[in-house]
Amino acid sequence: MKTKILVANRGEIAIRIIRAIQELNYEAIAIYETPDNDSKHIRIADEAIWLGHGPRCDYLNIDKVINAALKSGAVAIHPGYGFLAENADFARACEEAGIIFIGPSSDAIDKLGNKVMARTIMADAGIPMVPGTQNLKAGEEGLEEAREFGKKYGYPIMLKATSGGGGRGIRRVENEKELEEQYGIARTEAQAAFNDDSVYLEKVVVNPKHIEVQIIADKTGHTVHLGTRDCSIQRRNQKLVEIAPAFQLTPEQQEDISQTAVQAAKAANYFNAGTVEFLFDKDGSYYFMEINTRLQVEHTVSEMITGIDIVRTQIKLALGKELLFSQDDVLLRGHAVELRINAEDPKNNFMPEGGKTVRVYRSPGGYGVRLDGFCYQGFTIPQVYDSLLVKLTVFGWSWSETVDRLRRCLNNFVITGPKTTIPFFLRLLQEPDFQEGNFDTSFLDTHDGLLDYEEDSSEVNKLARLIAEIHQKGENTYAA
Amino acid sequence: MTRITQDMETAAVLKAVREADGYYITNTARDMSQSDYKNRILLHTDLMAAKAREAAGYFSLEITGGASVHVDILRKQVDPFLKLELLREAMPNTMFQTLCRGVNLFGYRPYPQNVIRFTVKEFAKYVDVWRTFDFMNHIPNMQAVFEEVAKAGKINEPCICFSTGPEHTNEYYVKKVQDILDVTGEEITLCIKNHGGLGTPRRIGELVDAIKQAYPDIIIHYHGHNTDGNDVGRIVEAVINGAKIVDASDHAFTGFYGPPPILTVIQTLKDLGKTAVGIDEEAVIASSDVIRDERQHYAQFESQIKGFQPTVQIHKLPGGAMGSSLEQAVKGGFLDKMPDILHKELPKVQKELGNYWSVTPGSQILWTTAVSNVQNGRYESPSGDLKNLLLGKYGPFPFYQPADWIYEKVFGENWKTILEEEGGIDDIEDMDIEQERETLAERLGSEPTEQQLVTYLQHPNDAVNFFKFEEKFGKSYVLPPSIFLRQGGFDLGESISFRDHSGKEHMLEVGPVQKNDDGETNVYLNVDHHERVYVFEPELVEGTQAVVSLSKEEIEELATAGDIRAPFGGNVSAINVKEGQEIAEGEQVMVLEAMKMQTPVISEVAGVVKSISAKVGDALKLGDKLVKIEVS
């Protein structure tokens, strides 16, 4: 009997994983909730198990998922991203049920998922951190400490309540005068809000790049990196464009940050695939942000420039194999970009277009093009899940070739029914800064007019719409 | 002999016409469209005919004005200025002519002076001959137009509206001509506007002769309608007695109420030794040949009743109003009462209301009054326009004021006081055009052009609708009538080709139409070889639950009245209020979730929660009811 692996996810990532499982000549078990009845991932899988009506509760139900794996005879579970992917309890439940969790140990997920603990581990290992202080001393002494910090690292600075969290109890100060004004207020407020007036400082990295490093490690501790990714172009902390490698960095910077990532992984005894995220400042310094203990949406771009199938490697490592390649074997070639084609209306605040049916779906192909999607003609997008339809990843030898290919591919897409992010991306590609590779996390804020595109704007499409309407109504009501 | 061309100065044009041995022809394509096709002849057809019409050598092509400016934007979805621009490109030598209703411009009610001047100024960039009339022959109503036309260096063609009856004597009209000349000076062409096609040929001949006797140098342009089938006769008499320009149009499209065929006029007068100056007969024939096949697509707009109407001499309806009147009768279900209305009531009303000229907007007043009189009792439900007419707001009655009993019926016992206090032409205040420009900019979301503003000032709402149509559907004048006016949809696999506004060729192929369970209709088209689908929401069927969702604006509007609707489709993830609870403006009432995104729903008003129409977990569509708040 074939080895079975359960994919505890849905949509495009489930398909991505199922493909790797099937390529390994294993059987892929899919799971689904009722709203995903028509999802392509359950059609592609070798077997599919219905978990419940959902929505989003059954995919998150550890017992149900473990039971599905046990019932189907799966030896391992790949969690994908989201849902249970970074849930240490789930990894632990797998371990307890004798099922292989394809990912790091529950212990690693636990530690790295806790920001404070993660910071401590990394700081101890000498990984650069955003400069900050311990709790400031009380009264005037603390203020003096703060002034010193400001002089040393410069402004702006975040004044943070130690007991705060989730964005609460944070004040940004732009200079020493503001610091002096805000210091007392911050303490008073912290006392009132959290019953604890302790505060600490952290330097603000202004408009950094978001640089991350894909790492992969086997159980022997053999850890390699698959190069950098630049995910700076974001909207409200949601990545919009992902690029590999982060080519605006010098080769030395790339090497340096990648090695730091390997170090970070080793410090956490990390196993399997993961991503180390950094803030990259204009002066070339960079700071640890977090380690994502899962396969990421944008893993495709690293695969494109290295030729290494990360998911296949993940599965093999989880099943006990050792890495078959060394760092020297990993060659970074060319450029890759991933764009997330979402069913959203960028002009309406990127409002999801859930509930709409895809009437026509035509996708691009050809050299250097990779599509990871689950969309098909006639598919009604469930309202209850995310809006990702398909990830377009293209590879090009040079950056300009890559941009050209992206434009061509976006133009080759025909998706009707829901509005999509395609016209927005086409507009983004026109930005000279994008074409020249100049971007950081402020890109969307500093580039006006990205929403100034017309949908269906060609004259012939407008007229065709009128003709369609004359046809549908049996007369031209605008001429009646 | 001299052909008139567009580049000639006014003086040169008038000189050529005066000295010509023969007569000139105006092709009144606009009036043909209005009288026989409810104004629907598309620019596409006019562009098809342009080359041949240009070669034909007319004095002018009447191609704008009358109701056409309104219908251009309302039904033909073409910019009235763009139309002139494109025709000018195709016909560089032919003068364009308009028909202007004086103070009523191209509409039905008086406009402020500054709007009139602005409108004329903009149109005069394209229009060379300005035929201007007033249905009361009240010259002050035309003055502003005269002045602006002269300023623009274009040709003024004032009209004397013509009708029949004991008051309509040569003396009256000759005097009227003098009144006009006093205002305009002599560098004009004078139109005898026979909008009903009234009178016999002999009557027209006498009138032309009387005017020529009084003013030997005056250029008379005879305009008529062929409603009784005898306009060629009137044209012949007019020319024999000295008219220098006459109106007719292309025989491929001539019908029953508009102009007679040009070729018939030429042939008839040739036999009488009168030459059509500048005319290339072969081009006249060619103009008809190139558009003949198009006529079938306009059949739906031709008159419900076929055949000439010699009884026009009794009811006097203008040719331009015949089609629409008959259409109204059919739609209103009173076609059977038409003989009564046309042959008894209308002539009676004419006489009772002063025997003025039955032409826009006066003809509409006569017509609606007659219809109302027959249906509701005589003068029982007078329209606002009839009241204005009686109060003299359009101008003084030319011959006599209607009888007191009509005033009493319409205004009641106090009619004398009302007439005294409210009677007479109103001074219409100038409009704040800059304010209008701002309003339009707001409605369009962009700065309007001068032309857009002019169009807007004529018919504000229809203009905005048209601009929005163009934004959505593009420049649809490129579509032939076989597509634009298609009835019953297209055939499966039918190929549609056209050239767009920028000159690009396109090919469409009609694919299947699919109806979904949810009532949506999908129309598949191959557009330049790319498959596309157009989705149509189900139409609202009366008496059933509204399936069509509300627009964003409507939802926002309801919210300000305390009727909170779902601003997007999603699930209710939390409800923050209870019935009977008092809430403040800006307070959160609910949380909706769609595709992982939670969005709070905020109350726009302060008040008391009256009802909650959704519960947690409900899947809602855009516009579904959420919470009702009694505004405090």
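Q: At what angle do helix H15 and helix H16 of chain B pack?
A: This is a predicted model. Two packed helices are described by the angle between their axes and the distance between the axes. H15 of chain B covers residues 338-352 and H16 of chain B covers residues 362-376. Their axes lie 9 Å apart, and the angle is about 115°.

Q: How many nonpolar residues does the contact of H15(B) with H16(B) have?
A: H15(B) brings Asp340(B), Ile341(B), Glu345(B), Leu346(B), Val349(B) and Gln350(B). They meet residues of H16(B), among them Leu366(B), Ala370(B) and Val374(B). By class, three residues of this contact are polar and two are charged, while the nonpolar ones number seven.

Q: What distance separates the centres of domain 1 and domain 2 of chain B?
A: Chain B is divided into domain 1 (10-300), domain 2 (488-548) and domain 3 (552-631). The C-alpha trace of the chain spans about 90 × 70 × 50 Å along its principal axes. Taken over C-alpha atoms, the centres of domain 1 and domain 2 of chain B are separated by 41 Å.

Q: What percentage of the residues of chain B count as buried?
A: Chain B has 24 helices and 20 strands. Among its contacts between residues at least 6 apart in sequence, 71% join residues at least 24 apart. Of its 632 residues, the buried share is 45%.

Q: Which element gives the largest share of the side of chain A that touches chain B?
A: The contact takes 32 residues from chain A and 47 residues from chain B. On the chain A side, strand S18 (351-352), strand S22 (414-416) and helix H16 (459-473) each supply at least two residues. The largest share is 13 residues, and it comes from H16(A).

Q: Which strands are the edge strands of the five-stranded open sheet in chain A?
A: The pairing in this sheet is parallel, and the strand order is S3-S2-S1-S4-S5. Four bridges join S1 (residues 4-7) to S2 (residues 27-33) of chain A. Each edge strand pairs on one side only; these are S3 (47-52) and S5 (100-101) of chain A.

Q: Which residue is the bridge partner of Lys4(A) in S2(A)?
A: S1 and S2 of chain A run parallel. In S2(A), the partner of Lys4(A) is Glu27(A).

Terms used
Residues are numbered from 1 along each chain as its sequence is written. Chains are lettered from A and ligands numbered from 1 in the order in which they are written. This is a predicted model: local features need pLDDT of at least 70, side-chain atom pairs count only at pLDDT 80 or more; totals for chains, interfaces and linings use all residues. Two strands pair if DSSP finds at least two bridges between them. A residue is buried if 20 or more other C-beta atoms lie within 10 Å of its own, exposed if 12 or fewer, and partly exposed in between; C-beta atoms are placed from the backbone. Two residues are in contact if their C-beta atoms, placed from the backbone, lie within 7 Å. Domain bounds come from an automatic or database domain assignment. Axes are lines fitted to C-alpha atoms, for helices over the stretch in contact, and angles run from 0 to 180 degrees between N-to-C directions. Ala, Val, Leu, Ile, Met, Phe, Trp, Tyr, Cys and Pro count as nonpolar, Asp, Glu, Lys and Arg as charged, and the others, Gly among them, as polar.
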